Amino acid sequence: LAALAAGVVPLAARDRSAVDRLQGLTPAPDGGPPSRTHDLTLVAAEREAAVLGPGQPLTRVWSFAPEGSPVLPVLRARVGDRINATLENRLAQHTSIHWHGIRLPNGMDGVPYLTQAPVRPGERFAYAFDLPDAGTFFLHPHCDESGGAGRGLMAVLIVEGDAPPGYADAELTVAIKDWRLAQDGGFLPFETKEGAGRAGTFGTIRGVNGVAGPLRATVPTGGLVRLRLLNLDSTRIVQIGVEGAEAALIATDGHALQPIAQDDLPDSAWRLGPAMRADLLVQAPARAGEILRIVDFASAEPWLVAELTAAGPRLNRGPFAPKPLYAATVPRADTGAAEPLTFTFGASSGASAAAEIAAGLAPGDPLAKVLLDSLCVRDTSLWAVNQVPWPSGPDAVLPPPLGTLKAGRPYVFEWVNTTPHPHPIHLHGHAFEVLSSSRQKLPRHLADTVILNPRERIEIAFVAAPGDWMLHCHILEHLEYGMMGYLRVA
Ligand code: C2O
Ligand code: CU
């Protein structure tokens, strides 16, 4: 396993060409199959599932998929298709669906109290929007996220349409998520004071695709395989490498980039914080029975994520020369014309600054009237954005926005981490371009979530879309304990 860690290739010298390559992708051709409407009912309910594996005690999970089917459903659509999804809440607490990474109208973004009312037990809510971008996405609730996601209430959403014909011989979804389970299959507390104030509370059982891992599957001998990797964990940052096969990064958070060979990535691997995705193209071994491995190298003891065995007649794909996916359709910000804004992600100073600001709002200001319920806030704040923590306590009200932006205008944000912990920072409703980092040699790429390392500064650029959009760390205890706010784009 250690072999992969060698051969660090700095990307700095290539930064310029990385940009050109990113922008030199071919757009998807016009035409293709006519767009469809997907009428879905997503029933959020508690049920039993064999998370720990066959013959092991069952776990009472929360899932959008009925008993007997996998805990983690995989929904498929095509770019340009319409989603008509009715959420039906059969849980004992309110919920919602946030379509992570999808650029959609603000009212469909699924944030209780900000973009919609909470969907109470027994209620329904209809989500309807078009899919503007192809790629690998997922969905999850947006209050009590550590409890909801921790019990499994998520789904993968694959939007097809970014691959030229014959691009790959097989495709595999690899969704990484730990479970906080006791040996009897019951859940342990998802939040701990110790974890919430530091790197977060980790699971006890590592898993892939909704069950204890690693994943074992077969791949066509010699064939090209598209791996759709998702980090759906609440806490863990993984560092993904492939052993026993050539591999290239072809998309980040759903959006294409010029393929980067694994050996040319920083540390020959790609880091995924909670909520981040990466698509890799790999070439399966040339002889049936040979194995390729997907490994998480983030911790001292590397963890086997998936073991894929070549099977069937050999496909002759020739030498590995990964082609790019079709270009992403995200609007690019003109950084020269962009307004710069800085956001600092740090520890909370203790006092609920947000409550004070909200209390200082003029009487009759609609912001001051929205009382948040206890599922959407915690008893205290430990973290903050620009020194303002997401409010906590029984009288928490919706705080004012962290900033006000103009719709259609380009922005460059500088994100600064003043803490000793990494934070995967997520902006709703947009895909942004990661421009630079003060500490890492990152290729320029599109993302909706980016890891901000301790004392690092990262610059991102995007064109603002209208609405109220959450901005938060995606380590779930960090956002719940304060590292969350929102931007108002008018
Ligand atoms: Cu997956 Cu507010 O985010
Ligand atoms: Cu964080």
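This is a predicted model: local features need pLDDT of at least 70, side-chain atom pairs count only at pLDDT 80 or more; totals for chains, interfaces and linings use all residues.
Residues are numbered from 1 along each chain as its sequence is written, and chains are lettered from A and ligands numbered from 1 in the order in which they are written.

Is L471 buried or exposed? L471 counts as buried because it has 24 C-beta neighbours inside 10 Å; the cut-offs are 20 or more other C-beta atoms within 10 Å for buried, 12 or fewer for exposed, and partly exposed in between, with the C-beta atoms placed from the backbone. If we leave aside its neighbours within four places in sequence, L471 is in contact with V385, L402, L427, G485, Y486 and L487, where a contact means that two C-beta atoms, placed from the backbone, lie within 7 Å.

Let me now step back to the whole chain, which has 5 helices and 31 strands. Its radius of gyration is 22 Å, close to the 23 Å that the globule rule gives for 490 residues, so the chain is as compact as a globular protein of that length; the radius is taken over C-alpha atoms, and the rule is 2.2 Å times the number of residues to the power 0.38. The C-alpha trace spans about 70 × 60 × 50 Å along its principal axes, and buried residues make up 50% of the 490 residues. Of the contacts with a separation of 6 or more, 78% are between residues 24 or more positions apart.

How is the chain divided into domains? The assignment gives domain 1 (2-8 + 164-311), domain 2 (37-160) and domain 3 (335-489), with bounds that come from an automatic or database domain assignment. Between domain 1 and domain 3, 22 residues of the former are in contact with 22 residues of the latter. On the domain 1 side, helix 3 (193-196) and strand 16 (255-261) each supply at least two residues, and strand 16 gives the largest share, 3 residues. By class, that side has 9 nonpolar, 9 polar and 4 charged residues; Ala, Val, Leu, Ile, Met, Phe, Trp, Tyr, Cys and Pro count as nonpolar, Asp, Glu, Lys and Arg as charged, and the others, Gly among them, as polar.

A second open sheet has 4 strands in the order 2-1-4-6, again with mixed pairing. Strand 2 (59-63) and strand 6 stand at its edges with a single partner strand each, so one side of each is left without a neighbour in the sheet. Strand 1 (residues 37-49) runs parallel to strand 4, joined by 8 bridges, whereas strand 4 and strand 6 (residues 124-130) pair in the antiparallel sense over 7 bridges. Strand 4 (residues 82-89) has I83, A85, L87 and N89 on its covered face and R82, N84, T86 and E88 on the uncovered one.

I will finish with backbone details. Most residues other than glycine have a negative phi, and most peptide bonds are trans. G213 and P214 are joined by a cis peptide bond, with omega about 0°, and P214 lies in the loop between strand 11 (211-212) and strand 12 (215-220). N209, in the loop between strand 10 (207-208) and strand 11, has a positive phi near 55°.

Note on methods: Two strands pair if DSSP finds at least two bridges between them.
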